[in-house]
Amino acid sequence: MDISIIFKLAAIGILITVVCQVLKKSDRDDVATVVSIVGLVIALTIAVTMIGDLFETVKEIFGVY
C-alpha cells in the first residue's frame, strides 16, 4: 500500500467537507447532500480497488487460482 493513497483520501474528504459547508451556508442543502454522496462514492471506489488488489496479492502469495 502506498502512502499517497491515504493522502488522496484525506484530500478528497477535506475538499468535500469545505464544499458542503459552503453550500450549506448558501442554503443549498440539497446540492450539499449530493456532493457528499458523490464524495463518498469516490472514496469507496478507491477503497474497493485497494481491497481487490489485496485479494489478488494474497492469491498470488498462496498460489490459489
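Predicted model: local features only at pLDDT ≥ 70, side-chain atom pairs only at ≥ 80, totals over all residues.
Which residue just after helix 1 takes a positive phi?

**Helix 1.** Select residues 3-25, the 23 residues of helix 1.

**After helix 1.** Next, select Asp27. This is the residue with the positive phi, about 60 degrees, just after helix 1.

**The helix pair.** The axes of helix 1 and helix 2 come within 8 Å and cross at roughly 175 degrees. Because an angle over 145 degrees counts as roughly antiparallel, the two helices are described as roughly antiparallel to each other.

**The contact between them.** On the helix 1 side, show Ile5, Leu9, Ile12, Ile16, Val19, Cys20, Leu23 and Lys24. Their partners in helix 2 include Val31, Val35, Ile42, Ile46 and Met50, and Gly39 and Ala43 are also among the residues met there.

**A charged pair.** Move along helix 2 to Glu56 and Lys59, which are 3 residues apart, about one turn of the helix. In an α-helix there are 3.6 residues a turn, so residues three or four places apart point the same way. Glu56 forms a salt bridge with Lys59, with the closest N and O atoms 3.6 Å apart. The count of salt bridges in the model comes to 1.

**A nonpolar patch.** Finally, display the surface and select Leu54, Val58, Ile61, Phe62 and Val64. These residues form a nonpolar patch with about 520 Å² of accessible area together.

Note on methods
Residues numbered from 1 in each chain as written. Heavy atoms only, no water. Helix = DSSP H or I, 4+ residues; strand = E, 2+ residues; numbered from the N terminus. Expected span 1.5 Å × (residues − 1). Patch = residues over 30% accessible without salt bridge, like charges linked within 9 Å, V, L, I, M, F, W, Y side chains within 5 Å. Areas by Shrake-Rupley, 256 points an atom, 1.4 Å probe, with all protein chains shown as cover. Salt bridge = Lys/Arg side-chain N within 4 Å of Asp/Glu carboxyl O. Axes fitted to C-alpha atoms, helices over the stretch in contact; angles between N-to-C directions. Parallel < 35°, antiparallel > 145°, perpendicular 65-115°, else oblique. Contact = heavy atoms within 4.5 Å.
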